[in-house]
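Work through the exercises below with the sequence and the model open. Try each task before reading its solution.

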Amino acid sequence: MKPSFYHSIAITGFLGLFALLMLWPTVLTESRFPVAMILLLSVTPLLLPMRGLLHGRRKSCAWAAYISLIYIIHGTAEAYVNPAERSLALLEILFSLMLFMGATFYVRALKS
């Protein structure tokens, strides 16, 4: 497969995860904590490799894959602990896996 296919999967996962993390504490559920703090803690790690990921830079894509592992762990824990928000947590896992697999295979396809 072409590297652009894997890059599009990574971008779709990234944008989906970004949108989900922005909407989850603001629109989709009520939060017990300050919304600004939740957004700062949850979205900031995604912003670090964003520019390079959107431009298809290999190093930024590798870092985005590493960062997506945090969200896989968070989604898994949230799905286990909070049955009321299990569907949102499973969506977070899906987008995180798309980002991880797309970025990993994109970096691998660029190397060969």
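**Exercise 1.** Which helices are included in what covers the buried residues of helix 1?

Solution. Start with the cover: it includes helix 2 (35–47), helix 3 (50–55), helix 4 (58–81) and helix 5 (86–111). Helices here are DSSP runs (H or I, at least four residues), numbered from the N terminus. Next, list what is covered. The buried residues of helix 1 are Tyr6, His7, Ala10, Ile11, Gly13, Phe14, Gly16, Leu17, Leu20, Leu21, Trp24 and Pro25. Buried means under 20% relative accessible area, exposed over 50%, and partly exposed in between (1.4 Å probe, protein chains only).

Two notes apply throughout. The model is predicted, and local features need pLDDT of at least 70, side-chain atom pairs count only at pLDDT 80 or more, while totals for chains, interfaces and linings use all residues. Residues are numbered from 1 along each chain as its sequence is written, and side-chain values use heavy atoms, with hydrogens and water left out.

**Exercise 2.** Find where helix 1 bends.

Solution. Follow helix 1 through residues 3–28: a bend of about 30° lies at Met22. The bend is the angle between axes fitted to the seven residues ending at a residue and the seven starting there.

**Exercise 3.** Describe how helix 1 packs against helix 2.

Solution. Two packed helices are described by the angle between their axes and the distance between the axes. Here the axes come within 9 Å and cross at roughly 175°. Helix 1 is therefore roughly antiparallel to helix 2. Axes are lines fitted to C-alpha atoms, for helices over the stretch in contact, and angles run from 0 to 180 degrees between N-to-C directions; under 35 degrees counts as roughly parallel, over 145 as roughly antiparallel, 65 to 115 as roughly perpendicular and the rest as oblique.

Now list the residues that meet, where contact means heavy atoms within 4.5 Å. From helix 1 come Phe14, Leu17, Phe18, Leu21, Met22, Pro25 and Thr26, and from helix 2 come Val35, Ile38, Leu39, Ser42, Val43, Leu46 and Leu47. Sorted by type, the contact has 12 nonpolar residues, 2 polar and no charged. Ala, Val, Leu, Ile, Met, Phe, Trp, Tyr, Cys and Pro count as nonpolar, Asp, Glu, Lys and Arg as charged, and the others, Gly among them, as polar.

**Exercise 4.** Which residues of the largest nonpolar core touch the most other members?

Solution. A nonpolar core is a set of buried Ala, Val, Leu, Ile, Met, Phe, Trp, Tyr and Cys residues joined through side-chain atoms within 4.5 Å. Of its 25 residues, Leu17, Leu21, Leu46, Leu53, Cys61, Tyr71 and Leu99 touch the most other members. Helix 1, helix 2, helix 4 and helix 5 each supply at least two residues, and helix 1 gives the most, with 8 residues. Take Leu17 as one case: beyond four places in sequence, Leu17 touches Leu46, Tyr71, Glu92, Phe95, Ser96 and Leu99.

**Exercise 5.** Is Gly13 buried or exposed?

Solution. Gly13 is in helix 1. Gly13 counts as buried because its relative accessibility is 0%. Leaving out residues up to four places away in sequence, Gly13 touches Phe95, Met98 and Leu99. For contrast, Ile9, also in helix 1, counts as partly exposed at 26%. Met1, in the segment before helix 1, is exposed at 73%.
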